[in-house]
Amino acid sequence: MDYLLNLVRRHKADEAVGIHSVCSAHPLVIEAAMETALERHLPVLIESTSNQVNQDGGYTGMTPAAFRDFVYGIADRTGLPRERVLLGGDHLGPNAWQSESPAAAMAKADVLIDQYVQAGFRKIHLDCSMSCAGDPVPLPDAVVAERAARLCVVAERAWRASGGEAPVYVVGTEVPVPGGAHEDLDELSVTSPHAAALTIKVHRLAFAAAGLDAVWPRVVGLVVQPGVEFDHHKVIDYQPQSAAELSRFIEGEPTLVYEAHSTDYQTPSNLAALVAGHFAILKVGPGLTFALRETLWALADIEEEMTGAGNGSDFKNTVLEVMRTEPEYWRKYYDNDPARARFDQQYSLSDRIRYYWPHPAIQAAQAQLLDNLERTTPPLTLLSQYLPAQYEAVREGRVRNLPVELLKEGVAKVLRQYMDACAGAAIKELETC
């Protein structure tokens with residue numbers, strides 16, 4: 001992962017550069033990410049989490065090797081060279097097996113790490129911050145670090161067996177919950193410099209004890225809480241002054257930048273401020289699928305205007321009926337009142353609806369919706385009414401008035417905010433990687 005090592009070196013040399021990490025398994029989101037990368041002549045960093053993709057298939061049904069092939073297939077279709085696709089594994093550790101004993105969960109995490117690295121993933125977030133069955137809550141920092149070092153040993157062994165560029169690592173003990181907060185939030189505590197220093201210290205000690213001193217320069221990222229998060233209907237905005245001491249602290253660490261999770265829905269100026277504050281790796285996931293859902297909903301409204309109620313794909317009702325009858329992915333997170341649940345299912349920023357996109361009934365309804373709008377092009381007036389940003393793109397000739405292109409443009413609009421914040425970090429790096 002020479003690209004990321006070079007990027008961190010530039011950032012540490014006072015260039016306010018960064019990279020955004022696309023944490024999604026949706027093919028249209030990944031395709032939009034690759035097309036925007038082509039627009040800017042940049043690489044793209046795609047990450048999957050241990051819940052999405054693991055040796056048992058995760059909720060996507062894909063192993064690490066299958067996800068790699070899936071992503072490379074999209075790259076081939078878009079024309080993005082595979083060498084410009086950077087693959088990362090997020091929250092790799094016992095996350096998916098927290099209900100099991102530490103010994104059992106960590107044994108499965110060993111297999112997880114091995115398969116990710118063997119499959120070519122080279123940005124590895126070693127996340128052992130969660131407690132397993134019988135563990136104290138919260139888990140002591142030293143235990144988190146010891147488990148991370150154990151997984152790093154597995155990753156290094158897998159890399160030496162499979163070859164290619166050496167992996168880079170991200171560590172941390174104050175790791176936000178994947179996918180956003182489950183409860184309503186009003187404020188957040190920013191990680192203190194003391195806590196960040198302790199996290200680095202315990203990981204260095206654990207790495208040294210595991211014989212990984214030489215690996216430490218490839219630990220490029222530290223996950224901390226910069227004070228950003230979102231819940232169902234609110235966003236906690238980044239406040240640079242609240243994180244000023246934390247930002248100054250990392251300047252004394254020659255090989256480390258911060259990795260910021262849950263940056264979804266931050267404003268463009270907040271994203272730029274995060275990068276300037278040394279949060280040089282910006283993770284984004286639900287914010288992208290939320291943008292995709294917004295466009296799908298608007299396309300469904302356009303279809304209904306064109307065909308009349310009951311004569312089209314009935315897309316929205318199909319999605320909501322599947323969610324009502326199969327509540328596995330939202331029941332723990334949303335209010336159980338039927339009216340409130342129906343509202344959250346559609347509009348919650350946590351975007352639990354993203355888990356349902358692969359459902360066969362939804363895929364069939366979506367295919368009919370897109371087919372209807374491809375056979376009968378929406379008039380510009382409806383495009384302006386329901387999708388004003390895409391309307392402008394169509395009028396400027398940047399996007400064709402085709403449903404799939406409109407969907408990808410909705411996602412691309414968010415991605416460009418991240419690219420702008422990261423200030424064109426890659427062109428020089430591509431020449432050296």
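The crossing of H10 and H11 is right-handed, a term used when the near helix is turned clockwise from the far one by less than a right angle, with anticlockwise giving left-handed. Helix H11 covers residues 338-347, and its axis lies 11 Å from that of H10, at an angle of about 115°. Axes here are lines fitted to C-alpha atoms, for helices over the stretch in contact, and angles run from 0 to 180 degrees between N-to-C directions. On the H10 side, Asn317, Leu320 and Met323 meet Arg342, Gln345 and Gln346 of H11; contact means heavy atoms within 4.5 Å. Those residues divide into 2 nonpolar, 3 polar and 1 charged. For these classes, Ala, Val, Leu, Ile, Met, Phe, Trp, Tyr, Cys and Pro count as nonpolar, Asp, Glu, Lys and Arg as charged, and the others, Gly among them, as polar.

A word on the model itself: it is predicted, with local features needing pLDDT of at least 70 and side-chain atom pairs counting only at pLDDT 80 or more, while totals for chains, interfaces and linings use all residues. Residues are numbered from 1 along each chain as its sequence is written, and side-chain values use heavy atoms, leaving out hydrogens and water.

Here are the helix pairs side by side.

| Pair | Angle | Axis distance |
|---|---|---|
| H2 (residues 27-40) and H3 (residues 64-78) | about 50° | 10 Å |
| H9 (residues 286-307) and H10 (residues 315-325) | about 130° | 9 Å |
| H10 and H11 (residues 338-347) | about 115° | 11 Å |

H9 packs against H10 at about 130°, which makes H9 oblique to H10. Oblique is what remains once angles under 35 degrees are called roughly parallel, over 145 roughly antiparallel and 65 to 115 roughly perpendicular. Leu296, Trp297, Ala300 and Asp301 of H9 make this contact with Phe315, Lys316 and Val319 of H10. The set holds 5 nonpolar, no polar and 2 charged residues.

Now to H2 and H3, which pack at about 50°, so H2 is oblique to H3. H2 passes H3 in a right-handed crossing. H2 contributes Pro27, Ile30, Glu31, Met34, Glu35 and Leu38, and H3 contributes Phe67, Phe70, Val71, Ile74, Ala75, Arg77 and Thr78. By class, this contact has 9 nonpolar, 1 polar and 3 charged residues.

Stepping back, the protein chain has 16 helices and 10 strands, taken as DSSP runs numbered from the N terminus (helices H or I, at least four residues; strands E, at least two). Of its 433 residues, 57% count as buried, meaning under 20% relative accessible area with a 1.4 Å probe, protein chains only. Its C-alpha trace spans about 70 × 50 × 45 Å along the principal axes.

Note on methods
Buried means under 20% relative accessible area, exposed over 50%, partly exposed in between (1.4 Å probe, protein chains only).
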